Amino acid sequence: MNNITKDLEPLKNKLRNHTLYNNIDSIEDLKLFSNAHVYAVWDFMSLLKFLQINLTSLSIPWFPSKNTTTAKLINEIVAGEETDEDQNGEPVSHFEMYIDSIEAFGLNTSNIFKNLNTLKELTTIESDIDKLEIKDYIKDFLKFTFSVIKRGKIHEVASVFTFGREDLIPDMFIPLIEGINSDNNDLDKLIYYFKRHIEVDGDMHGPMSMEMLSYLCNNDPSKISESALIAEKALLARISLWDGIENEIKTKKNNYEKA
């Protein structure tokens with residue numbers, strides 16, 4: 001895991017220092033960002049649920065999990081992601097927390113839910129994604145996530161989950177937090193969401209997912225190699241998503257200036 005982490009450092013640095021963060025300086029910019037980023041918040045849960053289904057015992061009649069260590073790790077992560085607490089101490093998933101936070105600063109989420117409600121079948125999800133009313137760079141990001149899930153290799157999904165999400169979150173969200181005007185009360189919920197993710201993923205879920213991936217690879221050179229390759233692709237997919245959002249923000253600003 002240490003070798004994979006070291007090899008991924010150049011891509012992680014590219015994300016840490018992405019110029020997208022410097023281009024988000026208004027509520028309208030945040031709306032553009034969140035309207036795309038919300039799909040990454042949503043598809044994360046499918047990665048998580050794939051791991052829960054494959055690493056815990058969900059059968060009836062019940063039988064013990066093959067590996068109680070990985071089962072414990074993923075169950076604790078599921079509890080934190082699916083039933084965390086909002087600012088008022090109420091149980092809520094991180095996706096619902098994000099939706100609540102972006103609605104608070106005025107983003108209409110009706111089209112988001114309209115799109116997501118059409119993605120019901122894993123067997124047809126690539127073609128269903130193509131039909132969505134979203135930008136192609138968002139479609140590409142979603143297709144990558146579900147292509148890894150459909151391939152069905154648990155260590156690959158765990159690697160995308162670990163290196164492409166949990167281990168990555170603090171690196172991405174800290175620059176975003178630094179650029180947000182905290183004096184705007186409409187952004188309180190969004191700032192709470194980002195800070196909560198930095199805290200939970202940085203201190204708990206990141207190290208736990210890394211431990212889980214280590215167990216799954218079990219020093220198998222083939223699994224380690226596959227995990228490293230798919231982790232690199234996950235980071236490249238995130239960079240492409242960030243590039244797409246930044247280009248959209250810049251285009252809108254340029255059109256506004258010309259008007």
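Trainee: Which residues line the second largest cavity?

Mentor: A cavity is a set of points on a 1 Å grid over the protein atoms alone where a 1.4 Å probe fits but cannot get out, and lining residues have an atom within 4 Å of a point. In this structure, the second largest cavity is lined by Phe141, Phe144, Thr145, Val160, Gly164, Arg165, Ala234 and Ala237. Two or more residues of this lining come from each of H8, H9 and helix H12 (221-258). Helices (H or I, at least four residues) are DSSP runs, numbered from the N terminus. This is a predicted model, in which local features need pLDDT of at least 70 and side-chain atom pairs count only at pLDDT 80 or more, while totals for chains, interfaces and linings use all residues. Residues are numbered from 1 along each chain as its sequence is written, and side-chain values use heavy atoms, with hydrogens and water left out.

Trainee: How much space lies in the second largest cavity, and what classes of residue does its lining have?

Mentor: A volume is the space filled by probe spheres set on the grid points, which are joined across faces, edges and corners. For the second largest cavity the value is about 30 Å³. Ala, Val, Leu, Ile, Met, Phe, Trp, Tyr, Cys and Pro count as nonpolar, Asp, Glu, Lys and Arg as charged, and the others, Gly among them, as polar. On that basis its lining has five nonpolar, two polar and one charged residues.

Trainee: At what angle do the axes of H8 and H9 cross?

Mentor: Two packed helices are described by the angle between their axes and the distance between the axes. Axes are lines fitted to C-alpha atoms, for helices over the stretch in contact, and angles run from 0 to 180 degrees between N-to-C directions. Helix H8 (residues 136-151) and helix H9 (residues 154-166) have axes that cross at roughly 145° and come within 8 Å. The contact (heavy atoms within 4.5 Å) involves Phe141, Phe144, Thr145, Val148, Ile149 and Arg151 from H8, and Glu156, Val157, Val160 and Arg165 from H9. Six of these residues are nonpolar, one is polar and three are charged. Phe141 and Val160, from this contact, are also among the residues that line the second largest cavity.

Trainee: Which members of the largest nonpolar core touch the most other members?

Mentor: In soluble globular proteins, nonpolar side chains tend to be buried together. A nonpolar core is a set of buried Ala, Val, Leu, Ile, Met, Phe, Trp, Tyr and Cys residues joined through side-chain atoms within 4.5 Å. The largest one here has 83 residues, and those touching the most other members are Phe33, Leu51, Ile102, Phe194, Met212, Trp242 and Ile245. Helix H3 (residues 27-55) provides the largest share, 16 residues. Beyond its neighbours within four places in sequence, Phe33 is in contact with Leu20, Ile24, Tyr98, Leu176, Phe194, Trp242 and Ile245.

Trainee: Is His18 buried or exposed?

Mentor: Buried means under 20% relative accessible area, exposed over 50%, and partly exposed in between (1.4 Å probe, protein chains only). His18 counts as buried because its relative accessibility is 7%. This residue sits in the loop between helix H1 (2-16) and helix H2 (20-23). Apart from neighbours within four places in sequence, His18 is in contact with Ile239, Trp242, Asp243 and Glu246.

Trainee: What kind of peptide bond joins Ile60 and Pro61?

Mentor: The bond is cis, with omega about 0°. Pro61 is in the loop between H3 and helix H4 (68-82).

Technical notes:
On a 1 Å grid over the protein atoms alone, a cavity is a set of points where a 1.4 Å probe fits but cannot get out, and a pocket is an open set with protein on both sides within 12 Å along at least five of seven lines; lining residues have an atom within 4 Å of a point.
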